[in-house]
Amino acid sequence: GLLLGLIGLEKFFELKSKQFLNYIFVFVFVITHVYLTYVKPDLTFRILNLSVALIIFSVQYIWLIFIKLSAEKRKIAIGVGIVFAFYCLLHIASAIRCLFIKVLITDVSQPSNFQIFTVTCYEVLFILLIYNISIMVNKRLLGELTIEEEKFSQAFHATPYAILISNYNTGQILEVNRGFQNITGFQYEDIVGKTTNDLQLWANMDPKKLKRGDILNFKSFFEKEILFRKKTGELNTALLSLEMITVGNEKCTLASFYDITKRKEVELALRNSESQLSKLNETKDKFLSIIAHDLKTPFNSILGF
């Protein structure tokens, strides 16, 4: 069990090590224990054999947690390491007692104070070990969750797109990113707890078609051109995408958009320029046609056509 626990702990912390020597040690331990049980029964040396085995494995746990692990991971597993340190002391005390005091078979039915103390310590340490293993796993999961939240938060706020998350049932805005604040001009305190209807955000959407503060009966769509109103009242054009998501078992909507007002202005100016250029080309063609006709008439007269 201790060997399997050691392997599991190494895998839990993504460490690689060869257990070949431990397999040999377990084999030698089992052979020795069988010998001291059936061939030459000796309770004292059996307890000593077991104590030595437990000391060796406890030291490996202590070495793994306090030496091999990084400082960050050590904080997670320090409780388990401390429990195995006490286990190691208890096994050393048991081994020393076996070296100086021969254990009799009758001691099993009539335990001494030391044996009662040892068994009590084993039970207490076992409970503490289970507790600290649970704490260790929870800390690891919480740590990973915190990292994922940090990654999401950084990506959420770093994007130049405006992103808002709103509750499906109430339409209340739950979260917005910095891009939303930069594009619309609304500050965080102006937004949270309100709906897009309260902000009058979507300028060209019929309020009757808005459901609980969101768009188009919560149907998902991608890059729909829409007018939005900034905090100043200025109307700009955006490409809006809407998606249904689940956050904490609650149905939410994720809306993202980016301002294309300047692009629309450039496109309009380009179309106007193309239209003017086309008219100029038509005028030029007509002018050249007239000149060609005027030059061709006298030339034909000279040739007698």
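User: How many helices and strands does the protein chain contain?
Analyst: The model is a predicted one. Its secondary structure is assigned from DSSP runs. For the protein chain, the count comes to 10 helices and five strands.

User: What percentage of the residues of the protein chain count as buried?
Analyst: A residue is buried when its relative accessible area is under 20%. The protein chain has 305 residues, and the share that counts as buried is 32%.

User: What accessible area does the nonpolar surface patch with Phe86 and Leu89 have together?
Analyst: The patch is formed by Ile78, Ile82, Phe86, Leu89, Ile92, Ile96, Leu99, Phe100 and Ile101. One of these residues, Phe86, is placed in helix α4, which spans residues 71-100. Together the patch residues have an accessible area of about 910 Å².

User: Is Phe86 buried, partly exposed or exposed?
Analyst: The relative accessible area of Phe86 is 48%. Partly exposed covers the range between the buried limit of 20% and the exposed limit of 50%. Phe86 is therefore classed as partly exposed.

User: Why does Thr261 count as buried?
Analyst: Thr261 belongs to helix α10, residues 261-303. The limit for a buried residue is under 20% relative accessible area. Thr261 counts as buried because its relative accessible area is 15%.

User: Which residue makes a polar contact through its side chain with the side chain of Thr261?
Analyst: Beyond its neighbours within four places in sequence, Thr261 is in contact with Asn236 and Thr237. A polar atom of the Thr261 side chain lies 2.9 Å from the backbone nitrogen of Thr237. The contact between side chains, at 2.5 Å, is with Asp259.

User: Is Glu14 buried or exposed?
Analyst: Glu14 sits in the loop between α1 (2-12) and α2 (20-39), and its phi is near 55°, a positive value in a residue other than glycine. The limit for an exposed residue is over 50% relative accessible area. At 61% relative accessibility, Glu14 is therefore exposed.

User: In which strand is Glu223 found?
Analyst: Glu223 is not a glycine, although its phi is positive at about 50°. Its relative accessible area is 34%, so Glu223 is partly exposed. The element that holds Glu223 covers residues 221-229 and is strand β3.

Note on methods:
Residues are numbered from 1 along each chain as its sequence is written. This is a predicted model: local features need pLDDT of at least 70, side-chain atom pairs count only at pLDDT 80 or more; totals for chains, interfaces and linings use all residues. Side-chain values use heavy atoms; hydrogens and water are left out. Patches are made of residues with over 30% relative accessible area and no salt bridge: like charges are joined within 9 Å, nonpolar side chains (Val, Leu, Ile, Met, Phe, Trp, Tyr) within 5 Å. Accessible areas come from the Shrake-Rupley method with a 1.4 Å probe; for residues, only the protein chains shown count as cover. A salt bridge is a side-chain nitrogen of Lys or Arg within 4 Å of a carboxyl oxygen of Asp or Glu. Helices (H or I, at least four residues) and strands (E, at least two) are DSSP runs, numbered from the N terminus. Buried means under 20% relative accessible area, exposed over 50%, partly exposed in between (1.4 Å probe, protein chains only). A polar contact is a pair of N or O atoms within 3.5 Å; within protein, one must be able to donate a hydrogen and the other to accept it, and residues adjacent in sequence count only if both atoms are side-chain atoms. Contact means heavy atoms within 4.5 Å.
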